[in-house]
Amino acid sequence: MNDQQRRRPAKPHRRPRKDPVRFLAFETLRAVDERDAYANLVLPPLLKKARAKGDFDNRDAALATELVYGTLRRQGTYDAIVAACIDRPLREVDPPVLDVLNMGVHQLLGTRIPTHAAVSASVELARVVLGEGRAKFVNAVLRKVSADDLDGWVARVAPPYEEDPEDHLAVVHSHPRWVVSALWDALGGGRAGIEDLLEADNERPEVTLVARPGRSTTDELLTALGDGNGLPGRWSPYAVRMAEGGEPGALAAVQEGRAGVQDEGSQLVAAALANAPVEGSDNRWLDGCAGPGGKAALLAALAAERGAALLAAEKQPHRARLVERALAGNPGPYQVITADGTRPPWRPGGFDRVLMDVPCSGLGALRRRPEARWRRRKEDLENFASLQRALLREALKAVRVGGVVGYATCSPHLAETRVVVDDVLRGRGGQPVEAEWVDARPLMPGVPALGDGPDVQLWPHLHGTDAMYLALLRRTA
């Protein structure tokens with residue numbers, strides 16, 4: 001080193017620049033990991049706050065949303081890629097570091113952001129939230145990742161399909177192996193069907209509105225959205241599909257509770273129960289697990305058109321308040337109560353129609369809640385099993401002879417669907433119930449690929465809906 005080099009002053013330390021878009025996305029990912037929060041509940045208020053401060057425009061909000069959901073959906077694939085680029089087990093990488101890395105990998109392999117911009121923005125974020133030392137680690141890993149594209153990396157890190165089909169699909173399509181196995185069992189068939197389903201789970205779902213009968217119409221919603229910003233639903237007569245980037249909360253009908261955001265599969269389940277034939281009276285309806293209130297609001301509107309009353313019960317007080325909000329303004333008689341459906345306050349045989357949309361693993365809504373696939377464990381199904389059976393038994397007690405019960409779950413897992421219904425009808429774990437199956441397929445007119453019946457399983461890749469399950473049962477004695 002010469003004298004001139006010795007005398008050269010050191011470069012001044014530059015403070016890292018905080019990128020508000022990537023910082024907000026990182027905050028959301030940390031909330032998902034640290035607090036078991038759901039991104040669809042955390043992200044919207046953060047975006048609203050950023051917009052109110054003038055930090056974000058629509059383009060910024062779209063990028064933040066893509067970074068959050070893209071990273072969560074592809075977490076399994078990105079974990080495998082990062083693991084191939086480091087010299088330690090992945091479990092030894094601190095979760096905040098892994099969040100920055102995976103978000104950087106998504107920018108490199110899952111978006112059109114230029115390589116240099118994806119790496120530099122990720123390293124700058126790391127300097128802000130992790131510190132200089134870890135930022136160097138992030139830089140080194142992402143430069144290794146940038147040497148190949150997604151297909152090239154997947155070919156490297158996924159085992160061959162011929163050697164281990166489930167593990168191959170798990171890495172390629174970013175689902176835990178046990179979820180791949182469960183979905184494959186429920187779907188049946190060969191490789192093409194399960195790959196289509198897993199790919200559909202990783203697609204961004206449409207925002208679907210429901211026009212609540214007697215309070216709004218699909219024509220009103222389509223007119224309010226304007227040309228090119230809305231399309232009629234595929235299957236539900238009450239559905240309108242919004243164009244990407246639309247804001248449902250800006251519509252007057254949604255603000256006033258006359259319409260809402262509701263997946264078309266949920267609409268079909270509620271409508272099928274409402275239209276199932278019953279013998280005798282049709283005056284009292286029950287939603288026994290009503291929170292957060294989407295199906296209850298549609299049922300209440302349909303009941304009001306017939307002069308029937310709906311009782312909506314929800315065990316959790318905060319969710320019962322959401323139900324009250326969803327039903328506010330309904331023209332017909334209704335009541336919302338906080339009650340446990342396994343220990344109901346209502347008398348047996350008092351209802352003509354009962355919906356029991358039971359708590360479940362949520363494996364049918366992985367498009368909307370991608371983090372659920374990483375949060376759930378196979379053992380969780382055992383915790384749901386006894387509750388699901390107890391709720392169905394009480395639903396069948398609550399309905400009168402000749403009335404109909406709808407058992408619904410947002411899961412295609414066989415242990416949460418047909419197995420539950422079969423066990424209850426056969427008296428496994430309790431007294432047998434005198435009830436018969438009602439074929440649900442004719443009650444979803446125009447919907448294809450509904451299987452052999454009498455129950456119905458909807459699928460994201462076949463119907464564009466969440467994977468809702470519905471069994472209809474008529475009490476016979």
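Author: Happy to. A crossing of two helices is called right-handed if the near helix is turned clockwise from the far one by less than a right angle, and left-handed if anticlockwise. Keep in mind that this is a predicted model.

By that definition, helix 11 and helix 12 cross in a right-handed way. Helix 11 covers residues 177–187 and helix 12 covers residues 191–201; they pack at an angle of about 125°, and their axes are 10 Å apart. On the helix 11 side, the residues in contact are V180, L183, W184 and L187. They meet R191, G193, I194, L197, L198 and D201 of helix 12.

Elsewhere, the largest nonpolar core has 46 residues, and F56, V68, L101, V138, V141 and V145 have the most contacts inside it. Several helices each supply at least two residues of this core, among them helix 2 (20–35), helix 5 (75–83) and helix 8 (132–145). Helix 6 gives the most, with 8 residues. Looking at L101 itself, and leaving out residues up to four places away in sequence, you will find that L101 touches V82, F137, V138, V141 and L142. A second, separate core has 44 residues, including Y238, A271, A297 and L298.

C289 is buried, at 15% relative accessible area, and C85 is buried at 4%.

Note on methods
Residues numbered from 1 in each chain as written. Predicted model: local features only at pLDDT ≥ 70, side-chain atom pairs only at ≥ 80, totals over all residues. Heavy atoms only, no water. Buried < 20%, exposed > 50% of the residue type's maximum accessible area, 1.4 Å probe, protein only. Core = buried A, V, L, I, M, F, W, Y, C linked by side-chain atoms within 4.5 Å. Helix = DSSP H or I, 4+ residues; strand = E, 2+ residues; numbered from the N terminus. Contact = heavy atoms within 4.5 Å. Axes fitted to C-alpha atoms, helices over the stretch in contact; angles between N-to-C directions.
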